[in-house]
Amino acid sequence: MKSIKNLLVLFAFAMAFSMQAQTDAVSKHFSDYVEDEKFTVVYISPKMMDMIANVDDTTDKDVMEALKDLSGLRILTTEQTPTKFYKEAITKLTSSDLESLMTIKSNDGENVNFFVRSNGDKTEELVLLVEGEEFVMLSMEGNINLKKVSKLAKALDIKGAEHLEELKNQ
Amino acid sequence: MEFNQIKGLVEKYFEGESSIQEEEQLRLYFAGSDIHKELTIYTSIFNTFKADAAVKLSGNFNTNLQSIIIDDVMGSFFEGETSVEDEQILKGYFNGKEIAEKHKNYKPYFTYTTQEAIPKLSSNFESNFQFKLVDSLLEDYFEGNTSLEDEKTLNEYFLGNKIAEHHKSYKSLFEFYDFESQLVLNSDFNKKLEARLNEPKVIPINRNKKEETKVRRMTPAIWRAAAMIALAIGGFWLLDLPNSNSVKTTPLAAASTIDWSKYEPKDPETALAETKAALALVSRKMKEGEEQTLKGFRKIKAANKAVGIN
């Protein structure tokens, strides 16, 4: 009787701590954006990520490698009042537990921000904010290797941009 | 005595110039029987004087004198300057029967002082004093500061019949204590106790709940079981067991109330495409940043070279 009780207690606590609330920045701070109809929202769950890994693809190894490390992906984008949302997002993220990684301000009026959430050496979350013709908020969760990610640029560049367009038109 | 002599004396008398001896002579003359015709009219005067003078001097004289003295003492009394003896005099006077008319109004003052005050002092005074004592004892009693003797005093007081109005509510209390203290164990108490102890145990039939309100004790076993159940329920309630994707409004997941499953692509191929796009964006932007940085460094390097710093 007692051992069952103990087991139950442990079980309960373990579950409680392992399956906590969504830890990503979007869920935490931008739930109202998600609900907002102005935004296009995309979500890739860990399950989906697993399934992707099994998809037969011609893209390079690096990409697939990078995908393996991801547990989740969330994208929010809108063409309406990008500046306003950008400013709000910046405020929220700078005051959150996320660290600012990089800020780029281009002369063509585009602003880009990178935020990370680290746990020791590991980067657990990467958040990208873009303000330009549209507002983009992107959150990647997993075991992220920033160097690897940046290297992907070449491989994905052209195709990636195209796909992003497709995304918006959906 | 001769007529002319007497006449002369009478005239003198009425002029107020007669001596006592002369007056005495006149009295004697008029007390006798041989009074001249012309002088008979004065007879009553000198006779009255003789008779009344003696009486007045012995009866009213004293009373009048007394009255004057009383006036004087009373004056002092109302000024608060009388000695005890003076007051005694006044008491004596007012308790007597020969009180002057003008003094009769004052009688109550002095009769009250003598008659009524003393009895009050003797009966009520003692009681009042007693009551005050009891008040003080009661106070101590309710604070738990009474000695056994004090309590005995209180008991006696309450068992008597001279209880003050404001103490009467406590009477039943002390009567109860008295009663209880008189309870004595029966002589065969020990026997009875033994017999009862040796009786076989009889378990009472479970009675109707309405008859008795029992206090149900929470045994440790019950506590353990309750805790278990509570934890189990709590755990399940607090968690989001089925799917981490479908985030419902659970307390632990309170931060996000987003149901992300809505936004998932239907198939892995789409998912892959989207992920690739995302990665592309991220990496491109990162690259841009790096390039700018590198540009900057190159410029600095060039500038340094130009200046001569290596």
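Strand β2 (residues 70–78) of chain A is mostly covered, with eight of its nine residues buried. The model is predicted. In chain A, β2 belongs to an open sheet of six strands, ordered β1-β2-β6-β5-β4-β3 and paired antiparallel.

**Neighbours of β2(A)**
- On one side, β2(A) pairs with strand β1 (residues 40–44) of chain A through five bridges in the antiparallel sense.
- Within this part of the sheet, Thr40(A) has Thr77(A) of β2(A) as its bridge partner.
- Strand β6 (residues 135–144) of chain A also pairs with β2(A), antiparallel and over eight bridges.
- Leu76(A) is found opposite Met137(A) of β6(A).

- β1 and β3 (99–105) of chain A are the edge strands, each pairing on one side only.
- From one strand to the next, the twist averages 10°.
- β3(A) runs antiparallel to strand β4 (residues 111–119) of chain A, and six bridges join them.
- Ser100(A) has Phe115(A) in β4(A) as its bridge partner.
- Helix α6 (residues 82–94) of chain A lies across β2, β4, β5 (122–131) and β6 of chain A, at about 155° to β5(A).

- Helix α4 (residues 46–54) of chain A packs against helix α11 (residues 268–307) of chain B at an angle of about 95°, and their axes are 9 Å apart.
- α4(A) and α11(B) are therefore roughly perpendicular.
- α4(A) contributes Met48(A), Met49(A), Met51(A) and Ile52(A) to the contact, while α11(B) contributes Pro268(B), Ala271(B), Leu272(B) and Thr275(B).
- Of the residues in the contact of α4(A) with α11(B), seven are nonpolar, one is polar and none is charged.

How values were computed. Residues are numbered from 1 along each chain as its sequence is written. Chains are lettered from A and ligands numbered from 1 in the order in which they are written. This is a predicted model: local features need pLDDT of at least 70, side-chain atom pairs count only at pLDDT 80 or more; totals for chains, interfaces and linings use all residues. Side-chain values use heavy atoms; hydrogens and water are left out. Axes are lines fitted to C-alpha atoms, for helices over the stretch in contact, and angles run from 0 to 180 degrees between N-to-C directions. Helices (H or I, at least four residues) and strands (E, at least two) are DSSP runs, numbered from the N terminus. Angles under 35 degrees count as roughly parallel, over 145 as roughly antiparallel, 65 to 115 as roughly perpendicular and the rest as oblique. Contact means heavy atoms within 4.5 Å. Ala, Val, Leu, Ile, Met, Phe, Trp, Tyr, Cys and Pro count as nonpolar, Asp, Glu, Lys and Arg as charged, and the others, Gly among them, as polar. Buried means under 20% relative accessible area, exposed over 50%, partly exposed in between (1.4 Å probe, protein chains only). Two strands pair if DSSP finds at least two bridges between them.
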